[in-house]
Each structure stands twice: as C-alpha cells, then as structure tokens.
Amino acid sequence: MAYQITDACIACGACAAECPVEAITEGDGKFEIDPEKCIECGACAGTCPVGAPEQA
Ligand code: SF4
Ligand code: SF4
C-alpha cells in the first residue's frame, strides 16, 4: 500500500524534496501523497521530523 501523510504534518516540505518519484505535493494545510505515483520506498517517512508519513 502507498504511504499516506497524517494530520501530524507541519508542512515543512522536506519529504517532497526526498521523494524519488515526485509523488508528494503541498495540499490544504499539509502535504499529500499521490497513491498512483508512490513506490513505497519509505524515504518520506525517514525524512519527516514528525513521523507524519505512514504506510496504510
Ligand atoms: Fe515518495 Fe517513497 Fe514516500 Fe512514496 S514512500 S511518497 S515514493 S518518498
Ligand atoms: Fe509534512 Fe513530514 Fe513532509 Fe514535512 S516531511 S511536509 S512534516 S509529511
């Protein structure tokens, strides 16, 4: 399953810079992952300072 970003996101943008397939974009108050693009590499989860990306 693709990763999802929870409401813990503080919209810092660090994950978007790390995603190898550019699946992460800024949404309404937090960042969002396009499940059609996510290859489940885990880079976003490893980069996020608040642990917001979680595997569904
Ligand atoms: Fe991008 Fe990897 Fe995170 Fe999926 S798991 S959104 S591919 S960084
Ligand atoms: Fe949100 Fe974490 Fe991504 Fe920063 S790194 S935008 S806090 S999900």
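**Fold, ligand shells and loops of the predicted model**

V50 is partly exposed, with a relative accessible area of 36% (buried is under 20%, exposed over 50% and partly exposed in between, with a 1.4 Å probe and protein chains only). The residue sits in the loop between α2 (43–47) and β4 (53–55). Helices are DSSP runs of H or I with at least four residues, strands are runs of E with at least two, and both are numbered from the N terminus. Neighbours within four places in sequence aside, V50 is in contact with A8, C9 and I10 (contact means heavy atoms within 4.5 Å). V50 and T6 are 44 residues apart along the chain, and their C-alpha atoms are separated by 10.0 Å.

The model is predicted, so local features need pLDDT of at least 70 and side-chain atom pairs count only at pLDDT 80 or more, while totals for chains, interfaces and linings use all residues. Residues are numbered from 1 along each chain as its sequence is written, chains are lettered from A and ligands numbered from 1 in the order in which they are written, and side-chain values use heavy atoms, with hydrogens and water left out.

The protein chain holds two helices and four strands. Read from the N terminus, their order is β-α-β-β-α-β. The radius of gyration is 9 Å, close to the 10 Å that the globule rule gives for 56 residues, so the chain is as compact as a globular protein of that length. The radius is taken over C-alpha atoms, and the rule is 2.2 Å times the number of residues to the power 0.38. The C-alpha trace spans about 25 × 20 × 20 Å along its principal axes. Buried residues make up 32% of the 56 in the chain. Among contacts with a separation of 6 or more, 56% come from residues 24 or more positions apart. The chain exposes about 3,400 Å², and carbon and sulfur atoms supply 46% of this area. Accessible areas come from the Shrake-Rupley method with a 1.4 Å probe; for residues, only the protein chains shown count as cover.

Ligand 1 has 13 residues around it (a residue is near a molecule if one of its heavy atoms lies within 4 Å of it). C19, C38, C41, G42 and C44 come nearest. Eleven residues of this shell are nonpolar, one is polar and one is charged. Ala, Val, Leu, Ile, Met, Phe, Trp, Tyr, Cys and Pro count as nonpolar, Asp, Glu, Lys and Arg as charged, and the others, Gly among them, as polar. C19 is buried at 14% relative accessible area. C41 is partly exposed at 45%.

Ligand 2 is surrounded by 14 residues, of which C9, C12, G13, C15 and C48 are the closest. Its shell has 13 nonpolar residues, one polar residue and no charged residues. C12 lies in the loop between β1 (3–5) and α1 (14–18). With a relative accessible area of 47%, C12 is partly exposed. C12 and A23 are eleven residues apart in sequence, and their C-alpha atoms are 16 Å apart in space. The disulfide count is zero, a disulfide being a pair of cysteine sulfur atoms within 2.5 Å.

Two loop residues concern backbone geometry. Most residues other than glycine have a negative phi. A11 has a positive phi, near 55°. A11 lies in the loop between β1 and α1 and is partly exposed at 30% relative accessibility. E40 also has a positive phi, near 60°. E40 is found in the loop between β3 (31–33) and α2, and its relative accessible area of 38% makes E40 partly exposed.
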